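The points are grouped by topic and follow after the structure.

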Amino acid sequence: MNERKKVDLLLINPPFHRRNGSGTIFPLGLGYLISAANEEGYTCDVINGYSMIDSYAESDLNHFAKNLQDALKTYEPVLVGIGPCITTQLRALQIIACYCLDIYGPERVYAGGPLASIDGQEWLFFEFLKIRYIIKGDGEEAVCKMLRCLKNGRSLENCSCVSRRGYFYHNKVVDIDKLAFPERPYLAENVFSLRRRQKNQFLSASMITSRGCKYHCRYCVSGNLNYKNFRKRSNKNIVDEMQFLKERYQIKDIIFYDDCFFSNPQNIHQEVADFCNTLISRGLSMTWQMEIRCDTFLQLDETDLLLLKRAGCRQMNLG
């Protein structure tokens with residue numbers, strides 16, 4: 001048998017049931033974890049379930065199980081992370097948890113993502129998936145602490161940032177400007193979506209500019225993650241990443257995935273002016289789209305809309 005590849009952090013990205021005509025984009029959350037670990041000098045690799053199957057049909061799941069097991073046996077990791085975990089991936093998560101625990105044992109396997117961060121859902125990991133450790137909230141600092149803990153011969157039971165039965169801890173990065181821009185692996189596998197506009201193809205990348213949510217809507221997952229701890233990146237930091245993507249990857253279009261890109265209806269005109277003027281002054285000539293709440297959208301006036309268009313905003317999604 002060939003020698004296993006030694007790696008500090010091995011991330012398992014669960015497959016996603018792809019809607020008809022939709023593409024796949026490597027999760028920004030995993031990209032942030034990789035960047036944080038790399039900055040601390042740790043090595044990382046990813047087993048990308050997105051590239052293994054397109055649906056959750058029984059035949060596809062059986063194919064995924066076989067390929068995943070073969071892939072896991074080629075690694076010797078210090079720490080194994082499963083996620084981002086969401087409810088629609090439960091069948092795949094069962095397969096991933098089963099093989100990770102069987103091959104690596106329970107003491108170096110953890111799960112994270114939206115589902116792990118919602119209070120009251122811990123049973124799903126501890127009882128249903130049999131995973132002992134979960135990361136709640138922001139994972140960048142936590143995953144580095146976990147790696148230091150394991151490399152020093154200590155158990156994750158002794159790591160204060162790790163949630164387990166009887167002990168829950170919500171990790172929070174207060175200043176998200178200090179986080180390194182997320183890694184975006186698998187460029188060759190079309191992680192960036194190709195979109196058609198005006199008969200031309202151009203590369204589009206995703207970005208996230210905030211953490212948490214100011215609202216507490218019961219029907220939305222965002223309000224249940226940590227709604228009291230909303231944090232927004234500075235306009236300079238956001239535009240810096242846009243410029244980085246354009247210069248490094250020739251990205252010409254950005255999809256902002258924040259639930260509400262402009263989050264303060266009472267100060268919407270100043271928010272729009274501050275961001276748009278920062279972007280215009282950089283002269284990037286990039287287009288972008290955003291999500292925005294209906295009540296915030298209704299506060300926009302003609303001056304706001306003209307400035308947004310001038311700054312490259314091509315689409316607003318209301319919800």
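Contact here means that heavy atoms lie within 4.5 Å of each other. The model is a predicted one. Its chain contains eleven helices and 13 strands, and 49% of its 319 residues count as buried. Of the contacts in the chain with a separation of 6 or more, 74% are between residues 24 or more positions apart.

**Helix H11**

- Helix H11 spans residues 302–310, and its buried residues are Asp304, Leu307 and Leu308. These residues lie on the same side of H11, because they cover an arc of only 100° around the axis.
- In an α-helix there are 3.6 residues a turn, so residues three or four places apart point the same way.
- The other side of H11 carries the exposed residues Glu302, Leu306, Lys309 and Arg310.
- At the N-terminal end, H11 is capped by Asp301, which has a side-chain oxygen 3.1 Å from the backbone nitrogen of Thr303.

**The open sheet**

- Six strands form an open sheet in the order E2-E1-E3-E4-E5-E6, and their pairing is parallel. Strand E2 (44–48) and strand E6 (170–171) are the edge strands, each of which pairs on one side only.
- Pairing between strands of a sheet is through backbone hydrogen bonds, either parallel or antiparallel.
- Seven bridges join strand E1 (residues 5–13) to E3 in the parallel sense. Leu10 is placed opposite Val80 in E3.
- Helix H3 lies across E1, E3 and strand E4 (109–112), and it runs at about 145° to E3.

- A cis peptide bond links Gly83 to Pro84, with omega near 10°. Pro84 belongs to the loop between strand E3 (75–82) and helix H3 (90–104).
- Lys130 has a positive phi, near 65°, although this residue is not a glycine. The loop between helix H5 (122–128) and strand E5 (133–137) contains Lys130. Lys130 counts as exposed because its relative accessibility is 54%, the cut-off for exposed being over 50%.
- Ser285 is a residue other than glycine with a positive phi, near 55°. Ser285 is located in the loop between H9 and E12. With a relative accessibility of 73%, Ser285 counts as exposed.

- Which loop holds Arg233? Arg233 is placed between strand E10 (231–232) and helix H8 (235–249).
- Arg233 is buried, because its relative accessible area is 4% and buried means under 20%.
- Two polar partners of the Arg233 side chain may be listed. The side chain of Tyr32 makes a polar contact with the side chain of Arg233 at 3.4 Å. The backbone oxygen of Ile208 is 2.7 Å from a polar atom of the Arg233 side chain.
- Neighbours within four places in sequence left aside, the residues in contact with Arg233 are Tyr32, Ile176, Asp177, Phe181, Met207, Ile208, Thr209, Ile238 and Glu241.

**Cysteines**

- A disulfide is a covalent bond between the sulfur atoms of two cysteines.
- How many disulfides does the structure hold? The number is zero, where a disulfide requires a pair of cysteine sulfur atoms within 2.5 Å.
- For Cys98, the closest cysteine sulfur is that of Cys100 at 9.4 Å, so the two are too far apart for a bond. Cys98 is partly exposed, with a relative accessible area of 48%.
- For Cys161, the closest cysteine sulfur is that of Cys159 at 3.4 Å, which is also too far for a bond. Cys161 is buried, its relative accessible area being 1%.

Conventions. Residues are numbered from 1 along each chain as its sequence is written. This is a predicted model: local features need pLDDT of at least 70, side-chain atom pairs count only at pLDDT 80 or more; totals for chains, interfaces and linings use all residues. Side-chain values use heavy atoms; hydrogens and water are left out. Buried means under 20% relative accessible area, exposed over 50%, partly exposed in between (1.4 Å probe, protein chains only). Helices (H or I, at least four residues) and strands (E, at least two) are DSSP runs, numbered from the N terminus. The arc is that of the directions from the helix axis to the C-beta atoms. A polar contact is a pair of N or O atoms within 3.5 Å; within protein, one must be able to donate a hydrogen and the other to accept it, and residues adjacent in sequence count only if both atoms are side-chain atoms. Two strands pair if DSSP finds at least two bridges between them. Axes are lines fitted to C-alpha atoms, for helices over the stretch in contact, and angles run from 0 to 180 degrees between N-to-C directions.
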